[in-house]
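Dear colleague,

I am handing over the structure we spoke about, and it is placed directly below this paragraph. Please look through it first, and then read on for what was found in it.

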Amino acid sequence: MGLANQSATPGRTTLLDAVNILLAVIGEAPVNGLDNSVMTESSIAERTLLEFHKQEQTRGWSWNSEEDYPFAVATDGTISVPSNLTRWAPDPFQWNGRFILRGQRVYDRDKRSYVLTGAAVTQLTADVVWTLPWDDCPEVFNRYISILGARAFSNRFLGSDSIERYTQQDLLMARTELDRNELQQLQPNSLSGRRGVLPFATFNPAAGLAGRGSPSWLD
């Protein structure tokens, strides 16, 4: 720490940075590394962060979800999904809830079997949500998790909710930035619903108010 930091470009919040934020909240000194071989305050802080990191990702965001993701049937007639997949939803209009996910395998409720050879399908597509590692998530999400984890960590470690009350505004600001980032990624509107649904841009009322008229595709 020192004057050299005034010219340093701030980088992303690393998992170590987040752990030190949690430690500072309870008045502990920062650590230089993460070592889970011994149960210490830093290891408990790291586990708390990763707990909420996984929990909040299961909600599904623009950066960890995909639509119509293909899953091929293996030679044994089954479909297994990766362990970091937390939501698997095939088209309900096409299959009417016939295929569901049990554990890491797709189950055919009509045939009451994991073997899909009798279902006359070679692959299934589904809307999915993945859990991503810390470094693959947006900075605004990791920052939000740092504050959310710090509130829970102080409450569990100190047995007091005073810090949780004091950091309420910080949490609201972090969540606002996270939601703003999500809206910028999705680009939703009342006509197309979200980005990528229609093959062309929809009318932007703000463009008319600004005197720019209709989108270029109407000219």
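Predicted model: local features only at pLDDT ≥ 70, side-chain atom pairs only at ≥ 80, totals over all residues.

Read from the N terminus, the order of the elements is α-α-β-β-α-β-β-β-α-α-α-α. Of the 219 residues in the chain, 33% count as buried, and the accessible surface amounts to about 13700 Å², with 51% of that area belonging to carbon and sulfur atoms. When contacts between residues at least 6 apart in sequence are taken together, 62% of them join residues at least 24 apart.

I turn to the sheet and the hairpin next. Three strands form an open sheet in the order S1-S5-S2, and their pairing is antiparallel. Strand S1 (65-72) and strand S2 (85-90) are the edge strands, each pairing on one side only, and from one strand to the next the twist averages 40 degrees. Between S1 and strand S5 (residues 123-130), which run antiparallel, there are 6 bridges; along this pair, Ser65 stands opposite Val129 in S5, while Pro70 stands opposite Thr125 in S5. S2 is joined to S5, again in the antiparallel sense, by 5 bridges, and here Pro90 stands opposite Ala126 in S5.

The other two strands are strand S3 (residues 99-102) and strand S4 (residues 105-108), which pair in the antiparallel sense over 4 bridges, with Ile100 placed opposite Tyr107 in S4. Their hairpin has 2 residues between the strands, and in this hairpin Gly103 takes a positive phi near 65 degrees.

As general background, nonpolar side chains in soluble globular proteins tend to be buried together.

Which residues does Phe141 contact, once its neighbours within four places in sequence are left aside? They are His53, Glu56, Gln57, Trp61, Trp63 and Leu178.

The packing of H1 on H4 deserves a paragraph of its own. The axes of these two helices come within 9 Å and cross at roughly 35 degrees, and the crossing in which H1 passes H4 is right-handed. On the side of H1 the contact is made by Ala18, Ile21, Leu22 and Val25, and on the side of H4 by Arg143, Ser146, Gly149, Ala150, Phe153 and Ser154.

Asn142 lies in helix H4 (residues 139-158), and because its relative accessible area is 0%, under the 20% limit, Asn142 counts as buried. Not counting residues up to four places away in sequence, Asn142 touches Arg12, Thr13, His53, Trp134 and Cys137. With residues up to four places away in sequence not counted, Thr131 touches Lys54, Gln57, Asn84 and Thr86.

One last point concerns Ile163, which lies in helix H5 (residues 162-166). Ile163 and Ile26 are 137 residues apart in sequence, and from C-alpha to C-alpha they are 9.0 Å apart in space. Leaving aside its neighbours within four places in sequence, Ile163 is in contact with Val25, Ser154 and Leu158; of these, Val25 of H1 and Ser154 of H4 also take part in the contact between those two helices.

Definitions and conventions:
Residues numbered from 1 in each chain as written. Heavy atoms only, no water. Buried < 20%, exposed > 50% of the residue type's maximum accessible area, 1.4 Å probe, protein only. Contact = heavy atoms within 4.5 Å. Areas by Shrake-Rupley, 256 points an atom, 1.4 Å probe, with all protein chains shown as cover. Pairing = 2+ DSSP bridges. Axes fitted to C-alpha atoms, helices over the stretch in contact; angles between N-to-C directions. Left-handed = near helix turned anticlockwise from the far one by under 90°.
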